Amino acid sequence: MDQTIKYNEPWILQRADPYIYKHSNGKYYFTASVPAYDRIMLRQADSLEGLATAEETTIWMKHANGPMSEHIWAPELHYLDGKWYVYFAGGEKEDIWKIRPYVLECQDEDPITGEWKELGMMQCADDDEFSFRAFSLDATVFENAGKRYYVWAEKVGVGRQISNLYIGEMETPWKLKTVQVLLTTPDYDWERVGFWVNEGPAVIKRNGKIFLTYSASETGAPYCMGMLTADENSDLLDPLSWKKERYPVLASAPEIGLYGPGHNSFTTDAEGNDILVYHARTESVIDGDPLYNPNRHTMLMKFDWEEGRPVFKYTK
């Protein structure tokens with residue numbers, strides 16, 4: 001039986017980087033990073049509420065070695081050109097931080113029972129000498145004005161490196177048409193705690209605008225969400241088309257015991273309300289390496305629009 005959703009508290013335990021896709025037939029699909037970082041799992045339900053208790057099915061397992069054999073992170077399920085695609089990142093057992101973006105394809109009607117085929121690493125445009133050459137992850141896909149775009153995080157520089165967000169137009173679901181364009185780099189203090197990070201992009205369109213949220217800083221309590229905004233009629237490959245918020249749009253809330261909100265996606269409930277899907281922790285201090293602490297839980301937030309913009313507030 002479906003459970004009533006309680007907002008801004010753990011909803012699906014130990015599932016980080018949550019992604020919910022609502023298909024044209026009304027079915028909801030859920031995927032996320034699992035604590036072992038070793039597989040991709042899907043669950044499906046007829047309602048948003050039903051995802052919490054839906055059966056989870058492994059649709060793909062990591063390799064024993066080589067590419068896609070470690071750190072299987074942040075899968076997203078998309079339905080493009082009549083086929084299913086999963087975008088995810090993975091490392092190599094021989095070099096666990098050689099994180100690169102990969103693509104799976106399923107041509108069957110049901111992505112849970114269907115057969116998944118590996119398409120290998122996401123391909124950059126033929127004349128692109130930069131994309132996917134370094135630590136790359138957290139890809140998302142969106143469409144606007146008849147074009148399809150791919151947004152991802154990639155590290156550059158030396159030392160501890162900096163994680164930026166890039167965008168490119170897509171030629172196929174597994175290849176870019178254009179060279180990368182830098183969308184945002186960690187400019188502000190709240191994006192530079194522990195690590196200089198912009199990652200985890202997600203897109204929602206409304207009121208003639210495109211809103212792109214992302215996550216910043218290390219994965220513990222400092223983790224938070226920023227946002228970029230562009231006009232839907234602008235050139236999305238022009239960095240000047242995007243305006244970046246000076247301050248986070250969502251951050252830790254010690255007063256209600258939530259820490260490190262981020263890596264979100266967007267969906268709607270049965271009534272058409274907009275829902276922010278995100279992960280957060282319930283402890284402010286983490287034992288050991290935050291990356292290997294399993295207690296990032298999927299949570300939901302019902303949010304409203306003010307002056308044409310999404311506003312994220314912690315309400316029960």
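## Cavities

By class, 7 nonpolar, 3 polar and 2 charged residues form the lining of the largest cavity. Here Ala, Val, Leu, Ile, Met, Phe, Trp, Tyr, Cys and Pro count as nonpolar, Asp, Glu, Lys and Arg as charged, and the others, Gly among them, as polar. The lining residues are Gln14, Arg15, Ala16, Ser33, Val34, Pro35, Tyr37, Leu291, Tyr292, Asn293, Pro294 and Arg296. A cavity is a set of points on a 1 Å grid over the protein atoms alone where a 1.4 Å probe fits but cannot get out, and lining residues have an atom within 4 Å of a point. The volume of the largest cavity is about 70 Å³, a volume being the space filled by probe spheres set on the points, which are joined across faces, edges and corners.

The whole structure holds 2 cavities of 30 Å³ or more. Asp17, Pro18, Tyr19, Ala74, Pro75, Glu76, His263 and Asn264 line the second largest cavity. Strand E1 (16-22), strand E5 (70-80) and strand E18 (259-268) are the elements that give two or more residues to this lining; strands are DSSP runs (E, at least two residues), numbered from the N terminus. The second largest cavity has a volume of about 30 Å³, and its lining divides into 4 nonpolar, 2 polar and 2 charged residues.

## Basis of the model

This is a predicted model, in which local features need pLDDT of at least 70 and side-chain atom pairs count only at pLDDT 80 or more, while totals for chains, interfaces and linings use all residues. Residues are numbered from 1 along each chain as its sequence is written, and side-chain values use heavy atoms, with hydrogens and water left out.

## Salt bridges around glutamate 105

The structure has 19 salt bridges, each a side-chain nitrogen of Lys or Arg within 4 Å of a carboxyl oxygen of Asp or Glu. One of them joins lysine 83 to glutamate 105, with the closest N and O atoms 4.0 Å apart. Lysine 83 is in strand E6 (residues 83-92) and glutamate 105 in strand E7 (residues 95-106), so the pair ties together parts 22 residues apart in sequence.

Glutamate 105 also meets lysine 117 in a salt bridge (3.5 Å, N to O). Because lysine 117 lies in strand E8 (residues 117-121) and glutamate 105 in strand E7, this pair ties together parts 12 residues apart in sequence. Glutamate 105 is buried at 4% relative accessibility, whereas lysine 117 is partly exposed at 42% (buried means under 20% relative accessible area, exposed over 50%, partly exposed in between, with a 1.4 Å probe and protein chains only).

## Other salt bridges

Glutamate 191 and lysine 244 form a salt bridge (3.0 Å, N to O), and both are buried. Arg15, Arg43 and Glu56 are linked in a network of salt bridges.

Definitions and conventions:
1 Å grid on protein atoms, 1.4 Å probe; cavity = no way out; pocket = protein on both sides within 12 Å on 5 of 7 lines; lining within 4 Å. Helix = DSSP H or I, 4+ residues; strand = E, 2+ residues; numbered from the N terminus.
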